[in-house]
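Subject: Structure handover

Hello,

Here is the structure I promised to pass on. Please open it first, then read the notes below with the model on screen.

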Amino acid sequence: MDHQPPPAKPDEQTDANQAYVDWFRQSSPYINTHRGKTFVLMLPGAALEHRNFDNIVHDITLLTSLGVRLVLVHGTRPQIDARLRAAGTESSFHNNLRITDQRSMTHVAEAAGATRTAIEAALSTGLPNSPMHGAYIRVVSGNFITAKPLGVRDGIDLQHTGQVRRIDSDAVHRALAGNAVVLLSPLGYSPTGEVFNLACTDVATEVAVALGADKLIAFNAGGGIRDRRQKLVRELNLRQCADLLAANAGNADAYEVLHACRQACSRGVTRAQIISYSEDGALIKELFTRDGRGTMVYRDSYEVVRRARIDDVGGIIELISPLEEQGILVRRSRELLETEVDHFTVMEKDGMIVACAALYPYPEKFTGELACVVTHSDYRNGGRAAKLLTHIERQARRLKLRTLFTLTTQTAHWFVEQGFAAGGVDDLPDSRQSLYNYQRNSKIFVRSLVST
């Protein structure tokens, strides 16, 4: 015979109600903050088979009702494994990547389709007396992802295992603007009609970056990242994140989600959070309470653009040396940099030089050379070079310069995108023409600074 707990005493019920009211009031600022924002949720295949998945669906429903724009990226690894076992076969792996041959690709596609259908069904329920009642969530899926093969790695042909090439972000934004939840499977399509098996973490990261998402929320088995003493690490900047990645290199579950979060934040996503898919309400607690339930990775907010100083020379050398070794930049000695440091503008984050550019004016010709535009590899694709260019243009205008010119061997497309037009040696000042290296054969681009 089941024993029912005794009914709560009136004062206990009052205390519980008041605690709920207090929490709801304290969550109001977060509700206002998150409304209209775009979140990418990364759900591994194991999360979809966990008994807590229904609760995650309920929480997703709550977020949509609060006006959050959601993109769900799901994984399929255990689902693919199950189908391969049923077919009496299995996959080989290389560096935790499945080697997807043609036969396996059939099972991969079947697993992705079945998983997507199951998620759509879960988001479509609306039974009375359930959190889904009256939700009416519209789910949109499609071929939003263009992919390409990973190819041969360490002598191993990964065949139909691919990586994201492009996200149709405009189409995704249109679906989100129509109040739909966008559901993406880890499959990509090539212009030649091939289908590629993708990593869920790769898809989620690239989607978050392409959309300019406000958050990437990664679910995993263990929840937030823990330090060597097994204490939960609640916040990580990018530098701290790099240190913990090294410490978790042997823990594939923690490493993959942490790497995805760091990649997303270093490429423009403001926040990324890691939470457990096994904990009921972890998503709500992470988003609507002060302390959260997982680990948050964030972009360093302290980012300054300023003129370079003599003590920045070491940081500039560290930044440009890899490109000098590749022959992309002309080598500059420390002595030369020390004499020319006044020409440099740098971007600094937490004491680290992450980008630089130089302006060499030729006032007699009312022009200036834009040179040595470099962004640290961890901070590329975040618009920092364009931001530096804006500062250089302001300096040039203060010097009454009318044009900027630049010489490049490998980044012509970027300068064209910034409004530079192709030029020739005759566009250079006489003194600069005499230094032009015909063997290097740099392309010349010019941009007017005069408003028309």
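**Helix H8 and its surroundings**

At the start of H8, Asn-237 reaches in with its side chain: an oxygen there comes to within 3.1 Å of the backbone nitrogen of Arg-239. Bear in mind that this is a predicted model.

H8 itself covers residues 238-247. Which of its residues are buried? They are Leu-238, Cys-241, Leu-244 and Leu-245. These four cover an arc of only 115° around the axis, so they sit on the same side of H8. The spacing fits a general rule. An α-helix has 3.6 residues a turn, so residues three or four places apart point the same way.

The face away from the buried side carries Asp-243 and Ala-246, both exposed. What covers the buried residues of H8? The cover includes strand S14 (235-237), helix H9 (252-266) and strand S16 (295-298).

**The whole protein**

Next, zoom out. The protein has 452 residues, and buried residues make up 45% of them. Its secondary structure comes to 15 helices and 23 strands. The C-alpha trace spans about 100 × 60 × 50 Å along its principal axes.

Take the contacts with a separation of 6 or more: 71% of them are between residues 24 or more positions apart.

H4 runs over residues 77-86. Its buried residues are Gln-79, Ile-80 and Leu-84. Their arc around the axis is only 135°, which puts them on the same side of H4. Arg-85 and Ala-86 are exposed on the other side.

What do the buried residues of H4 pack against? Their partners are helix H2 (45-49), strand S4 (97-99), H5 and strand S12 (195-197).

Just after H4 comes Gly-88, with a positive phi of about 75°. Further on, Ser-91 lies in the loop between H4 and strand S3 (92-94).

Is Ser-91 buried or exposed? Ser-91 counts as buried, because its relative accessibility is 14% and the cut-off for buried is under 20%. The side chain of Ser-91 makes a polar contact of 3.1 Å with the side chain of Arg-98. Set aside the neighbours within four places in sequence, and Ser-91 is in contact with Leu-84, Arg-98, Ile-99 and Ser-104. Note Leu-84 in that list: Leu-84 is also one of the buried residues of H4.

H5 covers residues 102-124.

Met-105 is buried, with a relative accessible area of 6%. Leave out residues up to four places away in sequence, and Met-105 touches Thr-100, His-160, Leu-187, Val-195, Phe-196 and Asn-197. Val-446 is 341 residues from Met-105 along the chain, and their C-alpha atoms are separated by 49 Å.

Glu-110 is partly exposed, at 38% relative accessible area. Its C-alpha atom is separated by 38 Å from that of Leu-232, which is 122 residues away along the chain.

**The cavity**

Rolling a probe the size of a water molecule over the atoms shows where empty space is left. How many cavities of 30 Å³ or more does the structure hold? There is 1. The largest cavity has a volume of about 30 Å³.

Its lining is made of Leu-43, Phe-53, Val-57, Ile-60, Leu-72, Ile-119 and Leu-123. By class, that is 7 nonpolar residues, with no polar and no charged ones.

Which helices supply at least two residues each to this lining? Helix H3 (53-65) and H5 do. H3 gives the most, with 3 residues.

Last stop: Gln-395, in helix H13 (residues 384-398). Gln-395 is buried, with a relative accessible area of 7%. Beyond the neighbours within four places in sequence, Gln-395 is in contact with Arg-307, Thr-345 and Leu-359.

Best wishes

How values were computed. Residues numbered from 1 in each chain as written. Predicted model: local features only at pLDDT ≥ 70, side-chain atom pairs only at ≥ 80, totals over all residues. Heavy atoms only, no water. Buried < 20%, exposed > 50% of the residue type's maximum accessible area, 1.4 Å probe, protein only. Arc of directions from axis to C-beta. Contact = heavy atoms within 4.5 Å. Polar contact = N/O pair within 3.5 Å; in protein donor to acceptor, adjacent residues only side chain to side chain. 1 Å grid on protein atoms, 1.4 Å probe; cavity = no way out; pocket = protein on both sides within 12 Å on 5 of 7 lines; lining within 4 Å. Points joined across faces, edges and corners; volume = space filled by probe spheres on them. Nonpolar A, V, L, I, M, F, W, Y, C, P; charged D, E, K, R; others polar.
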